[in-house]
Amino acid sequence: MPSKTSFFNTTLYKKLLSRFWPMWLGITALASLAPLITLLELMHLTDIQHWYMGSIYTSILATGGPAFMLVYSILAAMAVWGYLYSPRSVSLMHTLPMTRTCLFVTGCAAGLSFLLLPVVIAGALLFLVGLFFGIAAPLAFFQSGLGLICLAVLYFGFATLCAMVTGSLLALPVFYAVGNFLAVLLDLLLANFTSSFFFGVNAAYSGAVEWLSPTVYIYNNVAAKTVFISDDVRQCTIQGYHILFLYCLAGALLLAVSWALYRCRSSESAGDVVSFRFLRPLFKFVVALLAAFSFGQVLYLLFTAVSVSGASLVRMGVCMTVAGAVGFWIADMLVQKSLRVWRTTVAGAGIMAVVALVICLAVRFDVFGIEDRIPDRADIVRVDINADVSYLGTLTFTPDADPEAVDQILALHRKILDDKDFIRQTCDHYYYDRYYDRGPLGEETSLLYCRLAYELKDGSQLTRIYTLPISRSLLADANSYAAALDVLVNSPASRLRQVYYGQGYAPTWGYINVPQDEMDMENWSDSDWERYNDICDLSSDEAAVLYAALAEDAQAGRWGQKDLMGGRGIEGSGSTVSNGGNVSFELELRPSAAVPDTEEPWSRDYARIFIAYAPEMTATRQALLDLGVPPAVLKPEEPALGGGSEIVD
Amino acid sequence: MIEVRELTKTFDGFKALDSASITVPDGAIYGLVGPNGAGKSTLIRHLTGIYRPDSGVCLAGGEPIYENPAAKARIAAIPDDWYYFPSATIRDMMRFYRGMYPTFDEKRYEKFKDVFQLPEKAVIRRMSKGMQKQAAFWLAMCCRPDYLILDEPVDGLDPVMRRQVWSLMMGDVSEHGTTVLVSSHNLRELEDVCDHVGILHKGRVLLERSLSDLQDNIVKVQTVFQPGTVPELPRDLEILHTSCIGRVYTYIIRGNGETVGQKLAACQPVMIDILPLSLEEIFIYELGGEQYAVKDILF
C-alpha cells in the first residue's frame with residue numbers, strides 16, 4: 001500500500017534496504033566478529049573482572065567507531081543517493097509521486113539504518129555475551145551505543161552533503177575523503193609553506209582548525225579511560241564524550257543543509273562533478289589553490305635545494321603558479337566535462353597566477369609582520385627557551401618571577417632578528433664550507449638550535465625556532481646574538497631553574513653514588529656495608545642540605561656553566577661527566593608548596609635530578625663531606641667534557 | 001487537461017524551451033512532434049515533474065506538477081530510456097509501483113500477463129529492448145493513470161506488439177478518458193492514433209491543432225496549365241512549396257482545399273487535383289518555412 005505520510009515512503013525505504021542487503025548484512029557479519037572474539041576470550045579467562053565488558057564497549061567506540069563510521073558512511077551514502085548520478089535513475093525517482101523532502105527523509109532513514117543495523121545487531125550480541133558472564137555493564141553499553149549513533153549522524157550527514165553537492169558517483173568519495181581531512185591537510189601545507197619563507201617560523205602542524213577534520217579531532221580528543229577507584233574496582237569512562245554530541249549536532253546541521261540543497265538541486269545535474277552552478281567557480285579555485293599549495297611545494301622541493309635562508313620567491317611563485325594553473329585546468333575540465341577548456345582556463349589560470357604571486361609576495365616581504373614579531377613584555381604570561389646545549393632542558397620564565405630573564409630573552413630575540421640576514425647566509429654556507437674543512441665564518445663554527453615559545457595573555461602562543469651559527473668570535477662580541485644567548489643560558493636564574501630551585505620543590509629522598517673502589521674499605525664487612533649505605537642513602541633532611549649546597553654553587557657559577565660551542569670545557573665550568581671514578585648524586589623533588597602554573601603538568605608532582613660532582617663545587621663538596629663522604633673520594637680532578645644535571649620525569 | 005504555459009528552460013546558456021505553450025484536452029491523444037533537439041524530451045520531463053521550470057507553468061488537471069505528489073500520482077510516464085533497478089524483475093518493479101501509485105490495479109497486472117507474455121521473474125536487465133519496453137507499458141498501464149506521457153513509446157516493439165499497445169491505450173482513452181501525450185518521430189503511426197498535434201521547433205511551439213484542422217488547413221495541388229503558358233497565381237495564396245515535373249505543377253498551399261481550388265480555377269488550368277497532406281508532409285513543409293528543409297547538396 002502507498003505510504004500515507006508525505007515525508008516518509010515505506011516502499012522506497014524497504015526497496016533501499018532490500019536492494020543493498022549484501023552491504024549491510026556483510027558489515028553486520030563483520031561486526032559480529034567482535035562478540036565472537038569476546039566470547040572466546042572470556043571463555044579462556046580465569047579471573048573475569050566486572051569492568052571487562054565496559055572497557056570493550058568504550059574501546060570499540062573510541063578506537064574502532066570513528067574509522068568504521070568514516071568508511072561505512074560513504075558506502076551507505078553512495079548506495080542511498082546513487083540514483084542522483086544517472087539521468088535515467090533520477091528521472092524515475094523524481095517522476096514518482098513523492099516530494100523531494102519525502103525522498104530525502106526516506107533516503108536518510110535508509111542510510112542511517114545501514115549504519116546502525118550492524119551496530120544494533122553486533123551490540124546486542126555483545127551485550128548478551130556480557131550478560132552470560134554476568135558482566136554486562138549496561139551503562140557503558142548505553143554510552144557507547146549513543147556515541148556510535150552520534151558518529152553515524154556526523155559521518156552520514158557529511159557524506160549526504162557531499163552527495164548533494166556533486167552529481168558524479170566517482171566524485172562523491174573523493175569529495176568526502178578530501179573534505180574529511182581538508183583542514184588538517186591545509187594546516188600542514190600552510191605550516192610548511194610559511195616556514196619556507198618566514199625566518200624562524202615553526203613548520204609544525206598547529207591543529208588550530210583540527211575540529212574541522214572530525215576523525216583526527218576525535219582520535220586526538222576522545223579516548224576510552226579506565227579509572228582506578230580501588231585495587232579491584234575500576235570504572236570505564238569515555239574522555240571527551242561531549243565532543244561526540246557536538247559533532248552529532250553538526251551532523252544534524254549538515255543533514256538540514258543537505259535537505260535545503262536537495263530541494264533546489266536540478267535533476268539535470270546528474271553526471272556533473274559539481275551539481276550547483278554557484279559552487280562551480282568556488283570548486284575550481286579551491287582545487288587550484290590546493291594544487292598550488294601542495295603540488296607547488298612538491299615541485300619546488302623537486303627542483304630546488306632546501307635552504308635555511310628561506311624559499312626563493314621567484315621559484316616558489318613559478319612552481320605555485322604552474323601547479324595552480326594545472327589544478328584550475330583540471331577542475332575546469334571536470335566541471336565542463338570537456339578537454340577543450342583552454343579558453344576559459346586561460347582566464348582562471350591567470351587569476352591563479354596573480355593570486356599565487358600575491359601570496360608569495362605578501363609572505364616573502366612579511367606584510368603581516370609575522371617574521372619580525374616580538375611580543376610586548378606586558379603581553380607575556382610565560383616564555384620557554386630551549387637550546388640544544390647539553391642538559392639544559394627547557395627553561396621557563398615569567399615576567400613577575402624572572403623579569404631580568406624575560407628581558408634577556410626579548411633582547412636575544414631582537415638581536416637574532418637584527419642579524420637574520422647574516423644568520424641565513426652563514427647557515428646556507430655552513431655545510432658547503434665544512435665540506436672544504438673551513439667554517440663559514442673563517443673559524444670553527446657550530447649550528448645551535450634555539451626555540452623560543454611565548455605564552456601570551458590572549459591565550460595564544462608564539463613559537464620561533466632558529467638555527468644559529470656560533471663561533472668563539474661571535475661569543476666574544478658582546479653585541480651579538482651569540483653573546484646574548486650565552487649570557488642567558490649561563491645566568492644564575494637559568495642555572496637555578498635547571499634544578500627547580502625556588503620553584504616550590506623540596507627534596508624528599510636522595511642517593512649519593514660513591515664509587516666502592518674509592519672507599520677506604522678492604523673486606524666490606526657488614527658494618528662496612530652499613531656505613532657505606534648510610535653515606536649513600538639520604539633522608540629528606542640530608543637531601544635538603546645537599547640541595548641547598550648545590551643551589552649555592554649554581555648561584556655562584558660553580559656549577560651549570562654551559563659552553564655554546566658544543567660542550568667543550570671551559571675553565572671553571574664545574575661540569576663533569578659522572579664516570580666510574582667520580583661522585584654523583586641523585587635527588588628526588590616533590591612540591592612542598594604550590595608549584596607555579598608555569599611548570600609543566602608532569603613536573604608538578606615529581607621531578608628527579610642527577611648531578612655529577614666536580615671539585616670546584618665547593619659548597620656541594622662541603623655538604624658531601626658533612627654527609628660522611630670520605631675526603632679521599634672527593635679528590636680534585638680535571639674537569640671533563642659536558643656533564644651537568646639531567647632532569648628526568 | 002494538461003496545460004503548459006510559457007515554459008522556458010535553459011541548460012548552461014542553451015535555451016531548450018522558449019516560452020512553449022501547449023494544451024492537451026482531456027481524453028485526447030496528443031502527438032508532440034519536432035526535429036531532433038526541438039525540446040520534446042525536455043517538455044516531457046517537465047510534464048513528469050523531473051525538471052523545474054525556469055519560468056512558466058506545467059499543469060495537470062489544473063494543478064502544478066513539480067513537487068506535487070497528488071498531481072504526479074495521476075501521471076504515468078514511459079521515457080525513451082526507462083529505468084529499472086539493476087537486479088529487479090518485472091514482479092519486483094510491480095511491487096515498487098504498487099507501493100508508489102495509489103491507483104495501481106493489481107488485477108489488471110494479472111490480466112496483462114497474457115497480453116505481454118513476458119517472463120515475470122526474469123531480470124529485466126537481461127531482456128531485449130523491446131521486451132523492456134513492453135514491461136514498461138505493462139507497469140505504466142497498471143497504474144491506471146489519468147495522464148499517460150510517452151516518449152518514443154513503441155520504438156523497439158515489433159509490429160504486432162505496436163498494434164497491441166496502441167489498442168490498449170485507445171481502449172483506456174475511450175473507456176476511462178485517459179489523456180495521452182506522445183512524442184514520436186514515427187509520424188505515420190501518430191497520424192493513425194492522434195487527434196491533436198503540436199509541432200515543436202527550437203524550443204518553441206510552431207503550431208498546435210487538432211489533426212483534422214491541420215489537414216484542412218494545408219493542401220497539395222497538382223495542376224496542368226495550357227501548353228506554353230504558366231499563369232501568375234493569385235497573390236493571396238500562401239504557397240509553401242512549388243515543384244514541376246513536365247507540365248505537372250505541384251503546389252503546397254496553406255488554406256482550405258475548397259477556397260484554394262476556387263482561386264486556382266481563375267487561372268484556367270487544364271487539370272486541377274487537390275489532395276490532403278499526410279502528417280509527415282505537413283511536418284516537412286511547415287518546418288521548411290522555418291529553415292529546416294531537406295538540403296539539395298551535391299557532392
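I start with a working rule: buried means under 20% relative accessible area, exposed means over 50%, and partly exposed lies in between, using a 1.4 Å probe and protein chains only.

**Entry 1: what I am looking at**

This is a predicted model, in which local features need pLDDT of at least 70 and side-chain atom pairs count only at pLDDT 80 or more, while totals for chains, interfaces and linings use all residues. Residues are numbered from 1 along each chain as its sequence is written, chains are lettered from A and ligands numbered from 1 in the order in which they are written, and side-chain values use heavy atoms, with hydrogens and water left out.

I placed E152(B) in the loop between β7 (147-151) and α6 (159-176) of chain B. For these names, helices (H or I, at least four residues) and strands (E, at least two) are DSSP runs, numbered from the N terminus. E152(B) is buried, with a relative accessible area of 15%.

Then I turned to Q268(B), which is not a glycine either and has a positive phi of about 50°. Its place is the loop between α9 (257-265) and β14 (271-276) of chain B. Is Q268(B) buried or exposed? I noted a relative accessible area of 60% for Q268(B), which makes it exposed.

**Entry 2: helices side by side**

Two packed helices are described by the angle between their axes and the distance between the axes. The axes are lines fitted to C-alpha atoms, for helices over the stretch in contact, and the angles run from 0 to 180 degrees between N-to-C directions. Under 35 degrees counts as roughly parallel, over 145 as roughly antiparallel, 65 to 115 as roughly perpendicular and the rest as oblique.

In chain A I checked α7 (residues 138-165) against α9 (residues 214-221): the angle is about 155° and the axes are 12 Å apart. α7(A) and α9(A) are therefore roughly antiparallel. Contact (heavy atoms within 4.5 Å) is made by L151(A), L154(A) and Y155(A) on α7(A), and by P214(A), T215(A) and I218(A) on α9(A). By class I read five nonpolar residues, one polar and no charged ones there. In this scheme Ala, Val, Leu, Ile, Met, Phe, Trp, Tyr, Cys and Pro are nonpolar, Asp, Glu, Lys and Arg are charged, and the others, Gly among them, are polar.

In chain B I took helix α5 (residues 129-142) with α6(B), whose axes come within 12 Å and cross at roughly 10°. That pair is therefore roughly parallel. On α5(B) the contact uses Q134(B), F137(B) and M141(B), and on α6(B) it uses M161(B), V165(B), L168(B), M169(B) and D172(B). Here the classes are six nonpolar, one polar and one charged.

**Entry 3: where the chains meet**

The size of an interface is often given as the accessible area lost when the parts come together. How much area do chain B and chain A bury between them? I noted about 2600 Å², 59% of it on carbon and sulfur atoms; buried area is the accessible area (1.4 Å probe) that two parts lose on being put together, summed over both. I50(B), Y83(B) and M100(B) lose the most area on the chain B side, together 25% of what that side buries. The contact takes 30 residues from chain B and 27 from chain A.

**Entry 4: salt bridges**

I used this rule: a side-chain nitrogen of Lys or Arg within 4 Å of a carboxyl oxygen of Asp or Glu. R280(A) pairs with D12(B), the closest N and O atoms being 3.7 Å apart.

Within chain A, D402(A) and R497(A) form a salt bridge at 3.1 Å between the closest N and O atoms. The two are 95 residues apart, D402(A) in the loop between β4 (394-397) and α14 (403-418), R497(A) in helix α18 (residues 492-498). D402(A) is buried at 12% relative accessible area, and R497(A) is buried at 9%.

In chain B, E110(B) and K113(B) form a salt bridge, with 2.7 Å between the closest N and O atoms. They sit three residues apart in helix α4 (residues 106-116), so about one helical turn separates them. E110(B) is partly exposed at 34%, and K113(B) is partly exposed at 27%.
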